[in-house]
Amino acid sequence: MDVVLAVFALLFLLFVGLGAYATVKAVGAAKRGVDRSIAQARRTVEDHTLRAKSFVQPGPAGEIAQLRLALRTSMRATQEILHAGSAEDESLKESLGLFERLSAHGHELDADLKRLETEPDRAALAERLPELRSRTERITSSADSLRWAVHDRTRRFADDDLGTLSAQIDIETGALRHWTRTEPGQAPPQWPDASAPAAADHPATQRTRPTASGPPTARPAPDAIAPPSWRPASPWQKKPRPESTT
């Protein structure tokens with residue numbers, strides 16, 4: 001009895017532990033989903049704010065907003081295509097590592113640009129703009145180059161796969177239409193001339209019609225009727241009686 005109770009107690013504890021683990025995993029997944037949604041919403045708000053500042057604020061402040069917007073757009077697009085492609089192509093792991101190193105420089109530049117948005121000294125800000133513009137162009141150029149390389153690689157693989165698939169389809173369609181092919185060295189059969197009558201249609205006419213180049217051939221005479229052959233008289237047959245002269 002004690003053994004049965006111990007088994008039931010262990011099963012109960014096991015079920016409770018599994019339930020607690022599943023609850024923690026579900027709460028963690030929900031929290032990560034909420035965090036992703038909040039981060040995405042924050043990024044969207046910041047992008048719209050930067051776009052509005054680039055149009056509204058003139059001078060260095062508006063240009064800094066343009067630099068931040070261009071940097072964030074380029075880095076985000078490259079990150080998305082690398083994460084999506086690395087799941088299917090293992091060779092993109094190294095490219096993803098290079099992008100992570102580039103992202104560190106991008107985050108550092110974005111932080112510098114964000115601090116300079118509230119800089120009151122416009123003259124000092126204008127002096128630093130060429131250097132900030134050059135850093136932004138270098139980072140975005142590297143990100144764009146990496147992104148377009150992934151685009152070209154994906155398109156090349158798609159073209160190769162499409163070419164192989166087209167060749168296989170051509171072979172299959174040729175096999176399905178096998179009756180339309182002729183053997184090598186064998187000419188297709190000729191159709192008979194419709195104006196010339198076939199020999200099999202009038203066999204008797206062709207046999208009896210005289211040719212135009214020679215004299216008409218004489219038909220063989222029919223065999224004569226064979227004369228009656230002598231047959232022996234049977235003994236039971238009576239001889240014919242001669243007629244009387246009287």
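This is a predicted model: local features need pLDDT of at least 70, side-chain atom pairs count only at pLDDT 80 or more; totals for chains, interfaces and linings use all residues.
Of the 246 residues in the chain, 18% are buried.

Let's start with the inside. The largest nonpolar core has 20 residues, and those with the most contacts inside it are Ile 64, Met 75, Leu 82, Leu 109, Leu 113, Leu 132 and Ile 139. Three helices each put in at least two residues of this core: helix 2 (60–86), helix 3 (92–116) and helix 4 (122–176). Ile 139 is a handy place to look around from. Set aside its neighbours within four places in sequence, and Ile 139 is in contact with Leu 71, Met 75, Leu 102, His 105, Gly 106 and Leu 109.

Sort the residues of the contact of helix 2 with helix 3 by type and you get 12 nonpolar, 8 polar and 5 charged.

Next, follow the chain on to helix 3 and helix 4. Here the axes come within 11 Å, with a crossing angle of roughly 155 degrees, which makes helix 3 roughly antiparallel to helix 4. Helix 3 passes helix 4 in a left-handed crossing. On the helix 3 side, the residues making the contact include Leu 92, Phe 99, Leu 102, Leu 109, Leu 113 and Leu 116, while helix 4 brings in, among others, Leu 125, Leu 132, Ile 139, Ala 143, Leu 146 and Val 150. Charged side chains take part too, among them Glu 108 and Asp 112 from helix 3 and Arg 128, Arg 135 and Arg 153 from helix 4. In total, the residues of this contact divide into 12 nonpolar, 5 polar and 5 charged.

One last stop is Arg 76, which sits in helix 2. With a relative accessible area of 23%, Arg 76 is partly exposed, because buried would call for under 20%. Arg 76 and Ala 143 are 67 residues apart in sequence, yet their C-alpha atoms are 9.4 Å apart in space.

Definitions and conventions: Residues are numbered from 1 along each chain as its sequence is written. Side-chain values use heavy atoms; hydrogens and water are left out. A nonpolar core is a set of buried Ala, Val, Leu, Ile, Met, Phe, Trp, Tyr and Cys residues joined through side-chain atoms within 4.5 Å. Buried means under 20% relative accessible area, exposed over 50%, partly exposed in between (1.4 Å probe, protein chains only). Helices (H or I, at least four residues) and strands (E, at least two) are DSSP runs, numbered from the N terminus. Contact means heavy atoms within 4.5 Å. Axes are lines fitted to C-alpha atoms, for helices over the stretch in contact, and angles run from 0 to 180 degrees between N-to-C directions. Angles under 35 degrees count as roughly parallel, over 145 as roughly antiparallel, 65 to 115 as roughly perpendicular and the rest as oblique. A crossing is left-handed if the near helix is turned anticlockwise from the far one by less than a right angle, and right-handed if clockwise.
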